[in-house]
Amino acid sequence: MVSTLGHESYIIHSGYGYSKRLCGSVASWYVNKYLRNRGLEIEIFHRGLKREGVNGWCDTVGTNKNPKEFLIELDTYMEKELYTRTLLHELVHVSQWVEKRLTFSKQHRYFMSINVDEMEYEDQPHEKEAYEKEKELLDEYQREMEELKKKVKEINRSVPRHLL
């Protein structure tokens, strides 16, 4: 499934065991709100990641210098809230790369000039930031989707039945 967003950003999602509607909704919402006009290509691939012991991860595709293409891999069959939080977490990493706060140089990843490769996962500052933001983003996404549903209901009530 491909979604085209403003200024030619693309979200491509594929794989198995996931809600295409939820994936497209969350990713489009985030990119339109936080990564607008960046000309990005984000592929979201769903597969079993249990053996790797993760719910998801994000990486650049092609170049690590000024990346415009990203691969997010997500575990299949996550419950809706965990899935949404995980996708938002990985999209925060896309923002970190695009904003050049997360970089790659001389075979090491840096977050705001700090070499994070030598740190334990839970101590890495870019991971801490993504975990902090995922809950806030989840609340924001859910609130905006509820507001949108209310607006659609209002519109449907105001349109004469014979026009629906």
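Predicted model: local features only at pLDDT ≥ 70, side-chain atom pairs only at ≥ 80, totals over all residues.
The chain has 164 residues, and 37% of them count as buried.

**Overall layout**
- You'll find three helices and eight strands in the protein chain.
- Reading from the N terminus, the elements go β-β-α-β-β-β-α-β-β-β-α.
- The C-alpha trace spans about 65 × 35 × 25 Å along its principal axes.
- Take the contacts between residues at least 6 apart in sequence: 62% of them link residues at least 24 apart.

**The nonpolar core**
- The largest nonpolar core is made of 33 residues.
- Ile42, Ile44, Ile72, Leu87 and Val94 have the most contacts inside this core.
- Helices H1 (20-34), H2 (80-98) and H3 (125-158) each give two or more residues to the core, and so do strands S3 (41-47) and S5 (69-75).
- H2 supplies the largest share of the core, with eight residues.

**A look at Val94**
- Val94 is one of the residues with the most contacts inside the core.
- Leaving aside residues up to four places away in sequence, Val94 touches Leu35, Leu40, Ile42, Cys58, Phe70 and Ile72.
- Two of those partners, Ile42 and Ile72, are also on the list of residues with the most core contacts.

**Charges**
- On the charge side, the chain carries 26 positive and 28 negative side chains.
- The centres of the positive and negative sets sit 7 Å apart.

How values were computed. Residues numbered from 1 in each chain as written. Heavy atoms only, no water. Core = buried A, V, L, I, M, F, W, Y, C linked by side-chain atoms within 4.5 Å. Buried < 20%, exposed > 50% of the residue type's maximum accessible area, 1.4 Å probe, protein only. Helix = DSSP H or I, 4+ residues; strand = E, 2+ residues; numbered from the N terminus. Contact = heavy atoms within 4.5 Å. Lys, Arg positive; Asp, Glu negative; His and termini not counted. Charge placed at Lys NZ, Arg CZ, Asp CG, Glu CD.
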